[in-house]
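Subject: Structure for you to look at

Hello,

I am passing on the structure we talked about, and below it you will find notes on what turned up in it. Please open it beside this email as you read.

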Amino acid sequence: MKKRVSQWTVLGLIVFAVLVLPDMASGQVRAFVENLDVRCYRIYDQPLGLPLRLDHLNPVFIEYGAPPEHVVLWEPQDLCVPVAKNDKIPPPEVLRFIEYLDWKCYRIEGPPLDLPLTLDHLNPVIVDMFGKIDKVVVREPQQLCVPVAKDKKIPPPEVLKLIEWLDVKCYRVDSDRWIGGEVIQLTHLNPLFVDYAPEIVHFVGPAPNQLCVPVAKNEKYPPDDILKFIQFSDVLCYDIRGLPLDRRIRLDHLNPVLRDMGLPEEYVYVKDSHKLCVPVAKNGNFPPD
């Protein structure tokens, strides 16, 4: 009898775990996207000179007819790492994915889109600070940001399955929002940086100046169960003033396209903090709940 009770107890615990800690791959697109906040630090290294084809994944850009674009990856400019704002930590089932979202951003060039957009902020902290709506005009592309691992800390397999496909193309934008001097507290989420204390940083005006949107590289698309997360992962970027990191870090590429090209690991020196990117929806096209 005791053995039977023990078996049912174990079964009950398994069911409880499934209900309380749902697999991100089964849904929760909105919960993932609205916690997509990254803080960017300047890095310096040699240009890659690597040609790539980029195709848009976000439904708004696809409907607009934004064409495929052939770009060249030049020098790396930023390392962007996940943060929480004003002590609002993502829920555990989301945090285990967000905490490994690190982007290495390379300079690219291309023609402007000159596309007007209405942006809805998804993170409640930014809504409380600046309001819900921003109107922008999307200009020329500036960066391609690709997922990387830091100091050989590779994400767990179920996390890597999502993160490895999250590439974003960043455009310069003109905005009707005027800001400057506002403060926000940022807390590092990546396991490599959790020993850093929370920090108060200042927004630098006059306005948000970059919009990053998801893309596919060389016609290699995420699987369908992953695409539903990736295609809504848009972030709007602000200049900020904060403490430098002043740390040397090894970076390894995670994206399958770049891994297959045999790009080696790189050691970069991470310097000034200068940018905060926060999640947005475009033209009323919200990620599903």
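I would start with Cys 80, which is buried, since its relative accessible area is 2% and the cut-off for buried is under 20%. Please keep in mind throughout that this is a predicted model.

Cys 80 forms a disulfide with Cys 40, and the two sulfur atoms lie 2.0 Å apart. Because Cys 40 sits in strand 1 (residues 38-42) and Cys 80 in strand 4 (residues 76-85), the pair ties together parts that are 40 residues apart in sequence. The torsion about their S-S bond is about 105 degrees, so this disulfide is right-handed, and Cys 40 also counts as buried, at 0% relative accessibility.

A disulfide is, in general, a covalent bond between the sulfur atoms of two cysteines, and the count here comes to four. Another one joins Cys 105 to Cys 145, with an S to S distance of 2.1 Å; Cys 105 belongs to strand 5 and Cys 145 to strand 7, again 40 residues apart. Cys 237 and Cys 277 are likewise joined, at 2.1 Å, and link strand 12 with strand 15, and both of these cysteines are buried. When the bonded cysteines are numbered in sequence order, the pairing reads 1-2, 3-4, 5-6, 7-8.

As for the protein as a whole, there are eight helices and 15 strands. Its radius of gyration is 19 Å, close to the 19 Å that the globule rule gives for 289 residues, so the protein is as compact as a globular protein of that length.

Best wishes

Definitions and conventions. Residues are numbered from 1 along each chain as its sequence is written. This is a predicted model: local features need pLDDT of at least 70, side-chain atom pairs count only at pLDDT 80 or more; totals for chains, interfaces and linings use all residues. Side-chain values use heavy atoms; hydrogens and water are left out. Helices (H or I, at least four residues) and strands (E, at least two) are DSSP runs, numbered from the N terminus. The radius of gyration is taken over C-alpha atoms; the globule rule is 2.2 Å times the number of residues to the power 0.38. A disulfide is a pair of cysteine sulfur atoms within 2.5 Å. Buried means under 20% relative accessible area, exposed over 50%, partly exposed in between (1.4 Å probe, protein chains only).
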